[in-house]
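Please open the model in your viewer and keep the selection panel at hand. The tour below moves from one selection to the next and says what is found at each stop.

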Amino acid sequence: MIITQFVILGAALFALGVYGVLSRRNAVLVLLSVELMLAAVNINLVAFDAFVADRIAGGQIFALFIIAVAAAEVGIGLAIVLLIFRNRRSANVDELDLLKL
Amino acid sequence: MTLADYLPIALMFVLGVGFASVAMYFSWRIAPKKPTPEKLAPYECGIVPLQEPAQRFPVKFYMVAMLFVIFDVEIIFLFAWAVRFDQFGWAGIAAVGIFVALLIETLVYVWKRGALDWNVARRARYRRVVAPERVQEEAA
Amino acid sequence: MIDYHALAPELLLAGTVLAVLTVDLLRVEKYWVAVVGLFGLFLSFIPVLTLGFCDTLTFCEDTGTRFLFGESYAVDSFSLVLKALFLGSAFVAVLLSVGYLESDRFWQGEFYFLMLSSVLGAVVMASSRDLVTIFVALELVTGPTFLMAGWRKGDPRSNEAMLKFFIIGVLSAALLLFGMSLVYGTTGELTFAGIRAEAAGIRGGDLEALFTVGVLFTLLGFAFKVSAVPFHFWTPDTYEGSPTPVTAYLSVVSKTAGFVGLLAICYLAFRDATFLWGPALWVLAAASMTVGNLAALRQTNIVRLLGYSSIAQGGFILVPFGAAVAAGVTDVQLEEAFFATVTYLLIYAFMNLGAFAVIIAGGNRLRSAEIGDWAGMFGYAPGLATMLAVFFFSLAGIPPLAGWFAKFVMFRAVLSVGGGWAAALAIIAAVNSVIAFVYYAKVVKSAFMDPAPEHVAVADLARMPTVPSLQFALVLTVAGVIVLGIFPGIIAEIGELTKTFASGF
């Protein structure tokens with residue numbers, strides 16, 4: 001069945017995104033990796049939508065919502081990165097260590 | 001499936017943690033330690049940079065980028081309506097009208113706040129009029 | 001035709017959000033923005049009441065559970081109780097914020113706009129009955145809180161709190177979505193009712209593995225939101241770094257919204273998959289209680305202590321979920337577990353908001369969150385110290401304060417299930433209640449018995465008044481904790497209403 005390839009693609013892209021989030025130092029690149037994860041989810045949803053032949057195209061509508069919410073998240077994320085860059089002259093995640101156990 | 005069925009997962013977890021810690025322990029024990037400044041420096045190709053790279057983009061680009069991303073993508077909801085607009089009738093048009101009106105209210109807000117102003121000096125003047133306390137805050 | 005009565009709370013709240021944004025543009029004292037917000041919250045509370053008491057009102061046609069937009073949105077007694085809780089907690093949270101924001105040069109108008117948007121998300125969450133709605137509601141709850149967490153723009157600690165919260169937040173949203181996409185793929189449905197119907201056929205089939213992964217990822221996403229151990233590491237940092245009223249909001253409204261989503265997903269969509277989520281949540285509950293309490297024992301900052309305490313309280317709230325681990329759990333037992341969770345959430349909101357109100361009031365005077373500086377508070381601020389004792393003992397579960405009833409129904413739910421695993425969870429919870437008592441009592445003892453430290457100017461502090469809005473919040477929460485503790489019948493009555501939800505429809 002053709003669906004398998006799409007699911008594997010989605011899972012691979014998702015794993016790549018998780019790796020990026022965990023390994024990247026720069027906050028902007030972390031943000032990019034999260035976008036990659038959301039793209040993987042969208043691939044999954046659209047592929048499944050074609051597969052289950054949903055009457056109301058639920059998967060595609062869900063994907064639209066995810067795209068819109070992702071844009072809002074990017075807006076918030078850029079604002080945060082900008083603020084931190086202004087204050088610290090660096091957008092590296094691992095330099096933020098004021099709050100510790 | 002009960003908790004007992006999770007045993008393989010737990011075993012897998014223990015094995016994973018165990019393997020990683022054993023490997024790390026032995027590499028720490030066995031490896032010779034003769035640090036020199038060169039060895040302690042983070043590895044990077046090429047010449048060590050002597051100064052910070054060139055100045056980055058001014059803030060106003062980010063501001064426009066953020067607003068663009070949001071306003072651009074919100075239009076996506078019109079697609080869902082557009083493919084079946086003939087079946088939704090006037091109720092659909094009303095709903096889309098409300099949606100666009102909300103976007104316009106946001107745009108007016110952003111405009112009033114001076115975020116669209118390319119000219120930074122003009123933006124500052126706007127703020128002195130619209131929100132005097134903010135100018136003081138930024139000066140502080 | 002759309003039932004506008006059922007949607008009235010959301011519509012009024014959305015109108016308030018826009019009104020707040022507009023008032024902020026006008027050249028008026030920013031104080032009025034908060035007043036408009038409070039008025040809007042009060043206004044949206046009215047239709048919740050008319051919907052709740054529909055059967056006794058003449059103008060209202062009682063139709064039982066009202067479904068809107070197919071089966072995607074439901075207004076039933078469960079969602080109404082939770083909506084009332086969200087609106088009430090938000091009311092108190094705005095009261096807590098007013099004095100704090102006035103005290104410094106904060107950007108006030110936007111703050112209330114963001115907080116009310118987040119509340120709107122929580123209110124929608126209570127009614128969501130499909131994956132898309134619940135996702136959008138969850139993002140609406142968390143999105144604004146990222147910005148609120150960093151409201152002290154110049155403070156690097158606040159910046160750090162914001163960035164950590166944001167990264168963990170979007171990561172968990174992505175995990176949740178991945179899980180949801182797999183659930184959608186295997187069942188072909190987005191509504192909870194549809195998923196439940198389809199899920200029965202999946203067991204033992206080809207798609208079972210994929211479905212399992214989907215369910216677990218979905219739970220994982222919610223575990224981040226409710227800061228269950230081991231997905232809690234952002235919580236103490238964010239709580240400490242954020243402005244304290246925002247911390248109060250995060251630990252009550254945002255967290256409760258996460259639990260409401262978890263309740264709806266577990267009890268409606270994955271109702272027949274208790275064998276999947278039962279064990280997972282059993283582990284999360286046990287770990288959250290133990291780690292949260294043990295870490296709280298060694299905290300010296302009072303906000304951080306409450307951060308860990310709220311992780312532990314989250315564990316207690318998860319306990320009834322974990323009780324479903326037992327094989328062959330019956331509908332009646334699930335109802336009991338559901339009742340216990342809702343009851344705990346209702347009482348938790350009162351006592352945690354109250355505890356934060358005390359901390360904000362004390363912090364205003366002392367300008368410090370170190371527990372050592374709080375010693376001897378009874379000497380110069382006896383009222384505040386007494387309220388500190390009330391809320392902390394309530395959190396510890398001492399009768400006659402409301403906390404005891406929450407713990408009581410929680411234990412009753414677990415023990416009614418019976419069996420080895422449920423009993424083990426009950427024992428872990430009991431041990432943890434004792435540990436929790438130690439650190440709550442330590443703070444109270446220090447405030448009452450120890451002498452005030454040298455550098456605290458006792459005479460000045462004694463004369464310092466508490467802001468009126470804060471006084472109002474304190475009175476509301478103290479009254480709630482004491483009245484509900486002495487007459488737990490009120491909460492039991494409200495909780496009883498929601499039980500029908502758990503047995504499905």
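## Stops along the chains

Begin by selecting C:T145, whose place is in helix α5 of chain C; helices (H or I, at least four residues) and strands (E, at least two) are DSSP runs, numbered from the N terminus. This is a predicted model, in which local features need pLDDT of at least 70 and side-chain atom pairs count only at pLDDT 80 or more, while totals for chains, interfaces and linings use all residues. Residues are numbered from 1 along each chain as its sequence is written, and chains are lettered from A and ligands numbered from 1 in the order in which they are written.

C:T145 counts as buried because it has 24 C-beta neighbours inside 10 Å; the class requires 20 or more other C-beta atoms within 10 Å of the residue's own, whereas 12 or fewer make a residue exposed and anything in between partly exposed, with C-beta atoms placed from the backbone. Leaving aside residues up to four places away in sequence, C:T145 touches C:S118, C:L250 and C:S254, where contact is taken as C-beta atoms, placed from the backbone, that lie within 7 Å.

Next, select C:F217 in helix α8 (residues 208-225) of chain C. C:F217 is buried, with 20 other C-beta atoms within 10 Å, and, not counting residues up to four places away in sequence, C:F217 touches C:L175, C:F178, C:G179 and C:L182. The C-alpha atom of C:F217 is separated by 24 Å from that of C:E71, which is 146 residues apart from it along the chain.

Move to helix α7 (residues 192-202) of chain C, whose buried residues are C:F192, C:A193, C:G194, C:I195 and C:A199. Among the elements that cover these buried residues are α6 and α10 (244-269) of chain C. After α7(C) comes C:G204, with a positive phi near 85 degrees.

## Two helix pairs

Now display helix α11 (residues 274-297) and helix α12 (residues 302-322) of chain C together: their axes come within 7 Å and cross at roughly 155 degrees. Axes here are lines fitted to C-alpha atoms, for helices over the stretch in contact, and angles run from 0 to 180 degrees between N-to-C directions. That angle makes α11(C) roughly antiparallel to α12(C), given that angles under 35 degrees count as roughly parallel, over 145 as roughly antiparallel, 65 to 115 as roughly perpendicular and the rest as oblique. The contact is made by residues including C:G278, C:L281 and C:W282 of α11(C) and C:L305, C:Y308 and C:S309 of α12(C). The residues of this contact divide into 15 nonpolar, eight polar and no charged, with Ala, Val, Leu, Ile, Met, Phe, Trp, Tyr, Cys and Pro counted as nonpolar, Asp, Glu, Lys and Arg as charged, and the others, Gly among them, as polar.

For the second pair, select α13(C) and helix α15 (residues 382-396) of chain C, which pack at an angle of about 150 degrees with their axes 9 Å apart; α13(C) and α15(C) are therefore roughly antiparallel to each other. In α13(C), C:M351, C:G354, C:A355, C:V358, C:A361 and C:G362 meet C:L384, C:M387, C:L388, C:F391, C:F392, C:S394 and C:L395 in α15(C). By class, that contact has ten nonpolar, three polar and no charged residues.

Finally, colour by chain: 33 residues of chain C are in contact with 35 residues of chain A. On the side of chain C that touches chain A, α5 (131-149), α6 (156-187) and α9 (234-241) each supply at least two residues, and α6(C) gives the most, with 17 residues. Chain A has three helices and zero strands, and buried residues make up 39% of its 101 residues. Chain B has seven helices and zero strands, and buried residues make up 1% of its 140 residues.

Key. Contact = placed C-beta atoms within 7 Å.
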